There are 2 protein chains.
Amino acid sequence: MGIVTADLGISLDGFIAGPRQSLEHPMGEGTEQLHRWHFEQPEENAAEIAEIVNAGAFIMGRNMFGPIRGEWSGDWRGWWGEEPPYHAPVFVLTHYPREPLVMDGTTFYFVTDGVASALEQAREAAGDANISIGGGADTIRQFLNAGLIDELRLHTAPILVHEGERLFDGVRDLTFEPLGTTANSLVTHTRYRLTYPH
Amino acid sequence: MGIVTADLGISLDGFIAGPRQSLEHPMGEGTEQLHRWHFEQPEENAAEIAEIVNAGAFIMGRNMFGPIRGEWSGDWRGWWGEEPPYHAPVFVLTHYPREPLVMDGTTFYFVTDGVASALEQAREAAGDANISIGGGADTIRQFLNAGLIDELRLHTAPILVHEGERLFDGVRDLTFEPLGTTANSLVTHTRYRLTYPH
């Protein structure tokens, strides 16, 4: 059985999204630089990118899929155009029921009954492969507080974002075991095995 | 000429001190674990410890020297007993004038006219060696916002502190160039060269 991972682009001051999220700034203002390592240095970061891409299923919060609830209850097909970067099923947490959205290479499933249900469906889809939880902060918090993430992978961009959503706000106590770190000019990768004391 | 460095023990959620600082918890509650790498794994972290210890002068805020202003205006001789871990002059930022305190291996000087003056005095004392800025958060913020720190070394302990003083709160925009990272079970070391856009 695969493990449950969370891969998060984060700033030096701990933000995974900036303020004032909009169509123009899906992750909030000032956060475009969080993911430069992914787009500008794919070769230097090939191993880390491969680990994300090779997941057998993905889970994400509704803001990762679309900007405003009402806008994507009908025709919205995600931020990525007609060729989303996911090559395995994606489970989107939402309060709004919707039929699965079949696209090129993936299907988006809309899960209205919470993180445990999403994980159960993702496990079935992933088989022996890993399951990747993609954010945002509220989704990660729910999974961490339920003790459901096995490995946290922080991709720290050397920038300050100053305001927005902090990864660890409201997260319960848990134990982080460092598994290694590497760095290049746009990012420091650090991974932790998580365990959950009672 | 040496460079100006800041070595900071920091939690995964970005705190360098916890809440409710007291004689019993000089850095606030819950932060004892921030520095376990230093005390419990001196061999694994020998290179990083040597770089700190070998500075030619140190600068620190008043809370790093003592708990409450009134208490150390007279007899207070620092947190460390009669053998402080500093083997070079230490410049303590304070609003309360005091004669230099000569101790075994170091002298504490009390600087009442701000960070630039403290740095000037430290440079003179350090000669060609580096100058290490020790914290707390308010001191680091003042040095960063004045553009005076050349290299930031974060020693990230794999713990959550949840509340207290965040390193980057109120810090101006600056540019971080990653210089490398290493990790072991109690700490991830990451260093950045800092530059200050106009």
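This is a predicted model: local features need pLDDT of at least 70, side-chain atom pairs count only at pLDDT 80 or more; totals for chains, interfaces and linings use all residues.

Me: Why is B:Leu152 called buried?

Reply: The cut-off is 20 or more other C-beta atoms within 10 Å. B:Leu152 has 23 such neighbours inside 10 Å, so B:Leu152 counts as buried. B:Leu152 is found in strand β8 (residues 151–157) of chain B.

Me: Which residues does B:Leu152 touch, leaving out those up to four places away in sequence?

Reply: B:Ala6, B:Arg191, B:Tyr192 and B:Leu194. Contact here requires C-beta atoms within 7 Å.

Me: What makes β5 and β10 of chain B edge strands?

Reply: Start with the order in chain B: β5-β6-β4-β3-β7-β1-β8-β11-β10, an open sheet of nine strands with mixed pairing. β5 (101–103) and β10 (175–184) each have a single partner strand, so one side of each lacks a neighbour in the sheet. From one strand to the next, the twist averages 20°.

Me: How do you know that β3 and β7 of chain B pair?

Reply: Pairing needs at least two bridges. Strand β3 (residues 57–60) and strand β7 (residues 131–133) of chain B share three bridges, in the parallel sense. They therefore meet the cut-off for a pair. In one bridge, B:Ala57 is partnered by B:Ile131 of β7(B).

Me: What packs on this sheet?

Reply: Helix α6 (residues 137–145) of chain B does, touching β1 (4–11), β3, β4 (90–93) and β7 of chain B. The helix direction makes about 125° with that of β7(B).

Me: Which residues touch the most other members of the largest nonpolar core?

Reply: A:Phe58, A:Ile59, B:Phe58 and B:Ile59, in a core of 96 residues.

How values were computed:
Residues are numbered from 1 along each chain as its sequence is written. Chains are lettered from A and ligands numbered from 1 in the order in which they are written. A nonpolar core is a set of buried Ala, Val, Leu, Ile, Met, Phe, Trp, Tyr and Cys residues joined through C-beta atoms within 7 Å. A residue is buried if 20 or more other C-beta atoms lie within 10 Å of its own, exposed if 12 or fewer, and partly exposed in between; C-beta atoms are placed from the backbone. Helices (H or I, at least four residues) and strands (E, at least two) are DSSP runs, numbered from the N terminus. Axes are lines fitted to C-alpha atoms, for helices over the stretch in contact, and angles run from 0 to 180 degrees between N-to-C directions. Two residues are in contact if their C-beta atoms, placed from the backbone, lie within 7 Å.
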